[in-house]
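I wanted to look up which of them pair up and where the pairs sit.

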Amino acid sequence: MNKVIELLLQHRSIRKYEDRPLSDEQIRFIVESAQAASTSSYMQAYSIIGVRNKEKKQRLAELSGHQPYVEANGHFFIFCADFYRHTVIAEMEEANMTDSLESTEKFMVAVIDAALAAQNAAVAAESMGLGICYIGGLRNNLEEVAKLLNTPKYVIPLFGMTVGYPVHEPGKKPRLPLAHIYHEDAYNQDEETYKKQLQQYNQTIKHYYTERTGGARTDTWTGQMAQALSQPTRMYMKKFVEQQGMNKK
């Protein structure tokens, strides 16, 4: 155990912030920390868009499902899969990269690069005493988001991240037991073991919600997942990604 591990284990999503903007120095350190993350084959296939403009943040809050903390925070970062600069490289170097850039493999590279950078940014922010919350709702309407941010072809806004000074301390939401996540040498496909572990986890989650809401909510994790995954969402995504020139081959 050390301070870094303690910081990681204390992570929780913060949805209420002081009305206090991040300094330019804080933003720079967060972005530089993101850039220090691993990147596949040195491709650095991502970009980060910081949003200060109040009207844009308000609109992004609406597009993200009317989440007020997208508007009210210290700074809002948007992480994008980005191969646009590589199309510029293709022109500079007189190289034909189209087949590669339109492949599923390179789409995955860009998404993974962006996710790795974002998690570095999150840890950097939390190390400064700031709170963060990932915003997947940004993908509710990417066509409108792309217009608002003026993103070119080969760029896909993936998710946002609110960052700011917390004004509340929510309870830490229990994760799945380590034994359910970590496999050694091969994937454990024993369904009976899985069901037993999930039933135990359901009791943990039920207790968590009961304590948090004073008995008003008694959800189980499997019940949440069944409800969420029985209702397909954002089914336009494949078409949008392909329109942006990615994941076509």
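I began with D219 and R217, which form a salt bridge with their closest N and O atoms 2.9 Å apart. The model is a predicted one, so I am reading computed positions here. I then looked up how open each partner is. D219 has 25% relative accessibility and counts as partly exposed. R217 is also listed as partly exposed, at 32%.

Next entry: the total. I applied the salt-bridge rule to the model and the count came to 12.

Then I looked at E144 and K147. Their side chains meet in a salt bridge, with 3.9 Å from N to O. The cut-off is 4 Å, so this pair still counts. Both residues belong to helix 8, which covers residues 142-149, and they are 3 residues apart, or about one helical turn. K147 is exposed, at 61% relative accessibility, whereas E144 is partly exposed, at 29%.

After that I took up E102. I found E102 in a salt bridge with K248, and the closest N and O atoms are 3.7 Å apart. What does this pair tie together? E102 sits in the loop between helix 6 (98-101) and helix 7 (104-127), while K248 is in the segment after helix 12 (237-243), so the bridge joins parts that are 146 residues apart in sequence. I noted the accessibility of both ends. E102 has 8% and counts as buried, because buried means under 20%. K248 has 41% and counts as partly exposed. I also noted that E102 and K248 belong to a network of salt bridges that includes D99 and K249.

Last, I looked for a charged residue without a partner and wrote down D113. D113 lies in helix 7. D113 is buried but has no salt bridge. How far away is the nearest side chain of opposite charge? That side chain is R85, and the distance is 7.8 Å.

I then checked what does lie beside D113. The backbone nitrogen of S40 is 3.0 Å from a polar atom of the D113 side chain. Leaving out residues up to four places away in sequence, I listed the residues that D113 touches: S38, T39, S40, M43, Q44, A45 and Y46.

Definitions and conventions
Residues are numbered from 1 along each chain as its sequence is written. This is a predicted model: local features need pLDDT of at least 70, side-chain atom pairs count only at pLDDT 80 or more; totals for chains, interfaces and linings use all residues. Side-chain values use heavy atoms; hydrogens and water are left out. Helices (H or I, at least four residues) and strands (E, at least two) are DSSP runs, numbered from the N terminus. Buried means under 20% relative accessible area, exposed over 50%, partly exposed in between (1.4 Å probe, protein chains only). Lys and Arg count as positive and Asp and Glu as negative; His and the chain ends are not counted. A polar contact is a pair of N or O atoms within 3.5 Å; within protein, one must be able to donate a hydrogen and the other to accept it, and residues adjacent in sequence count only if both atoms are side-chain atoms. Contact means heavy atoms within 4.5 Å.
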